[in-house]
Amino acid sequence: MSAALLGLLLALLPLPLTLPACLIDLRSRIIPDGLNLGLLGLGLAVAAWRDGSGAAPLALAQAACAYGLFYGLRALHARATGRIGLGLGDVKFIAAATAWTGLAGLPVLILAASLSALAAVGALALAGRPAGRDTALPFGPFLALGLHVGLAVMALGLDADRVVGAIG
């Protein structure tokens with residue numbers, strides 16, 4: 001089996017966790033901690049399998065950095081606007097996803113999630129539904145898509161910086 005095909009199959013490995021996270025977030029507007037912890041644990045196991053046992057602590061440290069970054073962004077947004085724009089489950093999901101992609105894959109994940117969410121808001125507007133600054137969308141499904149896109153970009157050996165630069 002080629003490395004690219006194995007990588008693409010690996011991009012689908014989190015699907016049993018990301019799919020229920022999406023469905024629950026769409027229905028209840030939460031991403032359960034158990035799913036986020038499962039995603040983190042599996043991501044750490046994959047990192048250790050892919051890059052050796054020393055990779056898991058590095059993946060955990062990168063996940064912690066992502067958590068701190070997005071928790072801080074969440075707090076700054078709340079302070080500036082007086083409302084929560086990014087749920088805590090989303091912040092935890094981003095951290096767990098970073099265990100899979102590393103910090104290097106995080107820009108692709110966030111870009112894919114943001115662009116797909118923007119497309120969904122555009123589709124709502126085109127359908128005649130109110131879509132504006134106060135439109136609340138559960139972000140979990142878009143983050144899950146971003147994780148799978150980020151993993152596919154890595155599997156295909158594409159340079160994440162170039163992908164983000166070409167799109168963004």
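This report covers the helices, cores and salt bridges of a predicted model.

## Basis of the model

Residues are numbered from 1 along each chain as its sequence is written, and side-chain values use heavy atoms, with hydrogens and water left out. Because the model is predicted, local features need pLDDT of at least 70 and side-chain atom pairs count only at pLDDT 80 or more, while totals for chains, interfaces and linings use all residues.

Helices here are DSSP runs (H or I, at least four residues), numbered from the N terminus; strands would be E runs of at least two. Helix H5 covers residues 88-126. A straight helix of 39 residues would span 57 Å at 1.5 Å a residue. The end C-alpha atoms of H5 span only 30 Å. The expected span is 1.5 Å times one less than the number of residues.

Where does H5 bend? The bend is at Gly102, by about 110 degrees. That angle lies between axes fitted to the seven residues ending there and the seven starting there. Just after H5, Gly128 takes a positive phi of about 85 degrees.

## Residues of H5

Thr98 is in helix H5. Thr98 counts as buried, because its relative accessibility is 0%. The cut-offs are under 20% relative accessible area for buried, over 50% for exposed, and partly exposed in between (1.4 Å probe, protein chains only). The side chain of Thr98 reaches the backbone oxygen of Ile94 at 2.8 Å. Leaving aside neighbours within four places in sequence, Thr98 is in contact (heavy atoms within 4.5 Å) with Gln62, Ala63, Ala66, Leu103 and Leu106.

Val108 also belongs to helix H5. With a relative accessible area of 4%, Val108 is buried. Val108 and Gly38 are 70 residues apart in sequence. Their C-alpha atoms are 22 Å apart in space.

The 27 residues of H4 should span 39 Å at 1.5 Å a residue. The end C-alpha atoms of H4 are 39 Å apart, which agrees. Buried residues of H4 are Ala55, Ala56, Ala59, Gln62, Ala63, Ala66, Phe70 and Arg74. They pack against H3 and H5. Gly82 follows H4, with a positive phi near 80 degrees.

Is H6 largely enclosed or open? H6 is largely enclosed by the rest of the structure, because 12 of its 16 residues are buried. Among them are Gly140, Pro141, Phe142, Leu143 and His148. After H6 comes Gly157, whose phi is positive, near 75 degrees.

## Nonpolar cores

A nonpolar core is a set of buried Ala, Val, Leu, Ile, Met, Phe, Trp, Tyr and Cys residues joined through side-chain atoms within 4.5 Å. The largest one has 28 residues. Which members touch the most others? They are Leu39, Phe93, Ile94, Phe139, Leu143 and Leu147. H1 (3-12), H2 (15-28), H3, H4 (55-81), H5 and H6 (140-155) each give two or more residues to this core. H5 gives the most, with 10 residues.

Ile94 is in contact with Ala66, Phe70, Leu86, Leu106, Ile110 and Leu143, leaving aside its neighbours within four places in sequence. Another core, of six residues, lies apart from the largest one. Its members include Leu44, Ala47, Ala59 and Ala99.

## Salt bridges

Side chains of opposite charge can pair when their charged atoms come close. The structure holds two salt bridges. The criterion is a side-chain nitrogen of Lys or Arg within 4 Å of a carboxyl oxygen of Asp or Glu. Asp33 and Lys92 form one, at 2.8 Å from N to O. This pair links distant parts of the chain: Asp33 in H3 (residues 33-51) and Lys92 in H5, 59 residues apart. Asp33 is partly exposed at 42% relative accessibility. Lys92 is partly exposed at 25%.

Arg50 forms a salt bridge with Asp51, the closest N and O atoms being 3.4 Å apart. Arg50 is partly exposed, with a relative accessible area of 33%. Asp51 counts as exposed, at 53%.

Terms used:
A polar contact is a pair of N or O atoms within 3.5 Å; within protein, one must be able to donate a hydrogen and the other to accept it, and residues adjacent in sequence count only if both atoms are side-chain atoms.
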